[in-house]
Amino acid sequence: MDKIRKNKLAIFLFIFPAAVLFIGIIIVPIIMSAIYSFHDWDGITDMKFIGVKNYIELFTSESAGFPKTILNALLLAILSVFIQLPISLALALRISRGIKGERFFMTVFFIPVLISTVVIGQLWLKIYNPRYGILNVALETLGLDSWCHTWLGEQETALMAVFMPTLWQYVGYHMLLMYAGVKSVSPDVIEAAKIDGANGWQVSTRIIIPLLKPVIKICVIFAVTGSLKAFDMIYVLTGGGPDHASEVPSTLMVSMIFGQSRYGFGSAIAVSIIFLCFFFAIVIKRCIKTEEY
Amino acid sequence: MKFKRVISSVAATAMLAGCFTGCGKEEGSAGKSADGKIELTLWSISTESDAFHDAYEQAIKDFEASHENVKIVHETFENESYKTKIKSAVAANELPDVFFTWAGGFSQSFVDSGKVLQLDDYYKKYESELSRAAVSNLIYDGKLYGSVMCTPISVMWYNQKLFDDNGIKVPENWTEFKDACQKFIDNGVTPIGTSAKDKWVLAMLHDALTLKSVGPEKLYSVLKKEGGSYSEADFLKSAEAIKELVDMGAFIEGAAGLSNDEASAEFYRGNAAMYFTGSWMSASIRTDAENPSDFGVAPIPVINSSNAKLTDFMGGGSDSLMVAASTEHKDLSAELAFEITKGVSKYGYLSGAGIPAWQVNYDDSEVPELTKQVAKYATGATSFTLWFDTLMESEDAGEYLTFLQKLFVGSLSPKDFQSEMAKQLEK
């Protein structure tokens, strides 16, 4: 083993393929996006260097409304962490305690993660349809006509209407991560706690959750960065509309690049998203300290 | 070390192979084929899955039959990637003899670069079959640079049965139109199906109403920034019209959240009396509506009759063929461009794929009634104006659609909409 580690060529050979992929697919495009973001470019004709004008417009232009998209994304992140993750955790704890049909429920909760988001989006489009959607029909049957909305078509409701399925879809994903974490907690510890007189609630809160900390940290990072780059569900349901009500940074980026051929401006949004994702990932890592084993 | 050698030799072989295939292609595009025939290359976007593919093949067959010494090499590309391909081909001077392109702003730079053949002399022969209005989008600086095959237009699709049942006449001007909407609302029928989520659908109505208020020449020059301003009073009228319709509840419930598919499905089902969109809807009415015979088509009502006529249309020929100035066979290529567009116009019409730009001097009794009706409007059109989002620069077009959605949901007043548009166009 040591011999191989000292062999420079071997090190090179083993690292090279992955390094090429990593640099070619991640590092180079990021650098190129950063370069584009300093230019006025329509994707075809010559680029024109304009310095940080794109970034200035990003934060001042009212018609683009970028700051609001960041707020929307942050709201989604907050909802993910404080609503989606607790639900996932509760489900993981419940299911892992060995109930009847443990595998069945796990599969059921995980199904939304497996199905293509576009398909789920189509399903939710039907649910929200103002005329025949199950949501409005149910409200009408209950005599709550005044609660009926054009869920995706009104500025007040559109944002929450697109966030609901986004949150719902990934409950199963986080649940699976946490379930695996709970299962890996040694039964000895739990048994010892029980012998000492701990009840189920105490076992969960005092033993399992603290031991789950590394998993929870990962889940929080996934949830927050996932929220910052959320795209597919929103694109399918509203495309960011009506009037930017449900716009998030990535839908804005797509409409700028492909709708208006503003590659430079779109790249500036891309760079901002990358920056925000890194920033929050590092902040979360700092905040949730875990002991290294 | 052996590894390295293997890798480098593999890489070298790959590069060489690439080189050979590259060279092979070059050879193919030479002027003459092996059997002494003149070879003309035609680029288009009618890939196998395209609705016009068969029409192209037919037209090419016809041309080859009447020109025995000519062989057409038809190369097809996917729509989106073709846009990049054609631009780089112009830049690199690698255009084929005849190529597909879009009229109006898209081809402006091609013509400006002097790499497109001027076709006025050749056009004389076809003038009786192809109206000047149809090729108006291909006239740059007063000279003609291409030929078109279809003229899709915006029209008002309506449900004849709903109009009859409620005793309403199909409207031809704004007052009649508003009255009709009011009557429908009073009788509990949704007057207009539209989608403000797919902004282009709403734009179909607003574009046409603007045209019918401002008139074709003024509209063109303002959107192309060739004079005039969007802040003139006539432009405000169409924005106010949309606002009025929204306020009276003329649009289908939840239009801001419905996609075009969802909204048009309601129209096919008879849940809305009118739908404003392109001529292509005739095909869907035939396949998706329960009773296709209930449906009718009419031009979009006029707002200001001193500026615009009922026969002014949004739309017009955009899918075109142009001839490269660098071709070795100028006369033949020009003839090819006209003959192919004529053929595609005919076969595309007969198959129901498009509205013909060329005169219909053949039997079209097989063509469905609605398509025929639209074709009649198109051939009798007094003017064609390309849709806002095709005519304007793409950045302006994107902003326009956003402003329009804002107008629809009420976060911009018609006045603000007009001033935002004026500001955007002055940028």
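Contact here means heavy atoms within 4.5 Å, and helices (H or I, at least four residues) and strands (E, at least two) are DSSP runs, numbered from the N terminus. This is a predicted model, in which local features need pLDDT of at least 70 and side-chain atom pairs count only at pLDDT 80 or more, while totals for chains, interfaces and linings use all residues. Residues are numbered from 1 along each chain as its sequence is written, chains are lettered from A in the order in which they are written, and side-chain values use heavy atoms, with hydrogens and water left out.

**Exercise 1. Describe chain A as a whole.**

Solution. Begin with the inventory: chain A has 13 helices and two strands, and its C-alpha atoms fill a box of roughly 75 × 75 × 30 Å along the principal axes. Turn next to burial (buried means under 20% relative accessible area, exposed over 50%, partly exposed in between, with a 1.4 Å probe and protein chains only): of the 293 residues in chain A, 42% are buried. Finally, of the contacts in chain A between residues at least 6 apart in sequence, 66% join residues at least 24 apart.

**Exercise 2. Determine which face of helix H6 of chain A is buried, and what covers it.**

Solution. Next list the buried residues of H6(A), which are Thr117(A), Ile120(A), Gly121(A), Trp124(A), Leu125(A) and Tyr128(A). Seen down the axis, these residues fall within an arc of 150 degrees (taken from the directions from the helix axis to the C-beta atoms), so they line one face of the helix. The general rule behind such a pattern is that an α-helix has 3.6 residues a turn, so residues three or four places apart point the same way. The cover over the buried residues of H6(A) includes, from chain A, helices H5 (102-114), H7 (134-141), H8 (155-183) and H11 (232-237), together with helix H11 (260-268) of chain B. At the N-terminal end, Ser116(A) caps H6(A), with a side-chain oxygen 3.1 Å from the backbone nitrogen of Val118(A).

**Exercise 3. Carry out the corresponding analysis for helix H3 of chain B.**

Solution. The 14 residues of H3(B), 79-92, should span 20 Å at 1.5 Å a residue, which agrees with end C-alpha atoms 20 Å apart. Tyr82(B), Ile86(B), Ala89(B) and Val90(B) are buried in H3(B), and because they fall within an arc of 95 degrees seen down the axis, they line one face of the helix. On the other side of H3(B), Glu80(B) and Ala91(B) are exposed. Strand E1 (38-44), strand E3 (98-102) and helix H4 (105-112) of chain B are among the elements that cover the buried residues. Just after the helix, Asn93(B) takes a positive phi of about 60 degrees.

Notes: A polar contact is a pair of N or O atoms within 3.5 Å; within protein, one must be able to donate a hydrogen and the other to accept it, and residues adjacent in sequence count only if both atoms are side-chain atoms. The expected span of a helix is 1.5 Å times one less than its number of residues.
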